[in-house]
Amino acid sequence: MEMEEIFDKLQAVADRYDELNELISDPEVIADSQRFMKLSKEEGSLRETVEKYNQYKKVTQTISDDEELLRETNDDDLTALTKEELAEAREEQAQLEKELEVLLIPKDPNDDKNIIMEIRGAAGGDEASLFAADLYNMYLRYAEKQGWKVEVVDRNETEVGGFKEIALMITGDKVYSKLKFENGAHRVQRVPVTESAGRVHTSTATVGVMPEAEDVDVDIDPKDIRVDVYRSSGAGGQHVNKTSSAVRMTHLPTGIVVAMQDERSQQQNRAKAMRILKSRVYDYYQQQEQSAYDQKRKDAIGTGDRSERIRTYNYPQNRVTDHRIGLTLNKLDKIMAGDLDEIIEALIVADQTQKLEQLRNE
């Protein structure tokens, strides 16, 4: 994309920003709280781009004024001063051009959202379930470092102390933007606790990351949901089997099923099941759009298929490799303790670089 086209896009963004500012001060819009919130959010997301664009226009004007002054003046002192100012302005202009290009990368509308994460032990039996528990602890520690809140919404434990599956709700600032690249199959290579001969085994756990759907995002018709209540089973002492507090919700158009028996009351289980069902349905429709979109434009850093092997954790060599970007870090112990910043930053940068290439080739 040529610089001229970039300016056309930036001018369109600036025009939309002005329009949004008018709209959010309109009493009619203010009265409609959902619309007001949606437009305020959009206005906020454009603010930085517009401020940088205005800065750019100012610097460009300075360059043009200085060039004109140099053509007209014979004063040596003034010439020297102007040349100095011009060099600085050109440097600033080049830097702003780079920044504006990055700001024009299409934003993922889900980046600001909370997430529902599902971790499942896949291939490898007990060892896979134990690794699923290790991944849960890794994300829990990472979330704590970010100041996020983690709530377990459903779990299915195995006898060895692992998880067949565990579902979490992670809430905080821009959770999806940092954890969306965790979606996929995570492979572990290590000597299982149960292995007496000391051989290294390979097992897999899958991680699913879904943005939490808000009411604005997905409208589920109550007629499309079948709700079954049944008695809870499993840990929880005597209370568990006395009442039908467990809930199973089925979204008929997609066939998505959510079962919830974590809470003591049916009402609490219903509320939790509904939050997860909404997010799964939203994710389902988004994946459909995304795969249609990706057919047109092949994406290197997938955030889609859970069966795609994205990372290997090799315990004997204390090594973690992310296969999508070819990054290998020899600090598995730190990563499993929640030190994920380096991997996540590298994935975000690779994703941005790729989107920038696409933007330039449009």
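The legends below describe several close-up views of one predicted model.

The model is predicted, and local features are reported at pLDDT of at least 70, side-chain atom pairs at pLDDT 80 or more, while totals for chains, interfaces and linings use all residues. Residues are numbered from 1 along each chain as its sequence is written, and side-chain values use heavy atoms, with hydrogens and water left out.

**View 1. The eight-stranded open sheet.** The strands follow the order E2-E3-E1-E5-E4-E9-E10-E11, with mixed pairing; strands (E, at least two residues) and helices (H or I, at least four residues) are DSSP runs numbered from the N terminus, and two strands count as paired if DSSP finds at least two bridges between them. E2 and strand E11 (327-329) stand at the edges, each with a single partner strand, so one side of each has no neighbour in the sheet. On average, and with direction ignored, neighbouring strands of this sheet are turned by 15° against each other. Helix H5 packs on the sheet, where it touches E1, E2, E3, strand E4 (184-190), E5 and E9, and its direction makes about 110° with that of E4; such angles run from 0 to 180 degrees between N-to-C directions, the axes being lines fitted to C-alpha atoms, for helices over the stretch in contact.

**View 2. Strands E1, E2 and E3.** E1 and E3 run antiparallel and are joined by six bridges, with Met 117 standing opposite Leu 168 in E3. Strand E2 (residues 149-157) also runs antiparallel to E3, and eight bridges join these two strands; here Glu 151 stands opposite Met 169 in E3. E2 and E3 form a hairpin with five residues between them, and Gly 161 in the turn has a positive phi of about 95°.

View 3. Strand E9 (residues 309-314) pairs with strand E10 (residues 319-322) in the antiparallel sense over four bridges. Thr 312 has Thr 321 in E10 as its bridge partner, and Asn 314 stands opposite Arg 319 in E10. Four residues lie between E9 and E10 in their hairpin, and Asn 318 in the turn has a positive phi of about 50°. E10 is in turn joined to E11 by three bridges, the two strands running antiparallel, and Thr 321 stands opposite Thr 328 in E11. This second hairpin, formed by E10 and E11, also has four residues between its strands, and Gly 326 in the turn has a positive phi of about 65°. Helix H10 lies across E9, E10 and E11, running at about 170° to E11.

**View 4. The largest nonpolar core.** This core has 36 residues, and those with the most contacts inside it are Met 117, Ile 119, Leu 135, Tyr 139, Leu 179 and Tyr 313; a nonpolar core is a set of buried Ala, Val, Leu, Ile, Met, Phe, Trp, Tyr and Cys residues joined through side-chain atoms within 4.5 Å, where buried means under 20% relative accessible area (1.4 Å probe, protein chains only). Among the elements that each supply at least two residues of this core are strand E1 (115-121), helix H5 (125-146), strand E3 (163-171) and H10. H5 gives the largest share, nine residues. Leaving aside its neighbours within four places in sequence, Leu 179 is in contact (heavy atoms within 4.5 Å) with Ile 115, Met 117, Tyr 139, Tyr 142, Trp 148, Ile 170, Val 209 and Ile 344.

View 5. The 40 residues of helix H3 (residues 33-72) should span 58 Å at 1.5 Å a residue, and its end C-alpha atoms are 57 Å apart, which agrees; the expected span is 1.5 Å times one less than the number of residues. H3 has a kink of about 40°, centred on Arg 47, the bend at a residue being the angle between axes fitted to the seven residues ending there and the seven starting there. Buried residues of H3 include Leu 39, Glu 43, Tyr 53 and Asp 66. For helix H10 (residues 341-361), the 21 residues should span 30 Å, and the end C-alpha atoms are 30 Å apart, which agrees. Its buried residues include Ile 343, Asp 351 and Leu 359.

Technical notes
Buried means under 20% relative accessible area, exposed over 50%, partly exposed in between (1.4 Å probe, protein chains only).
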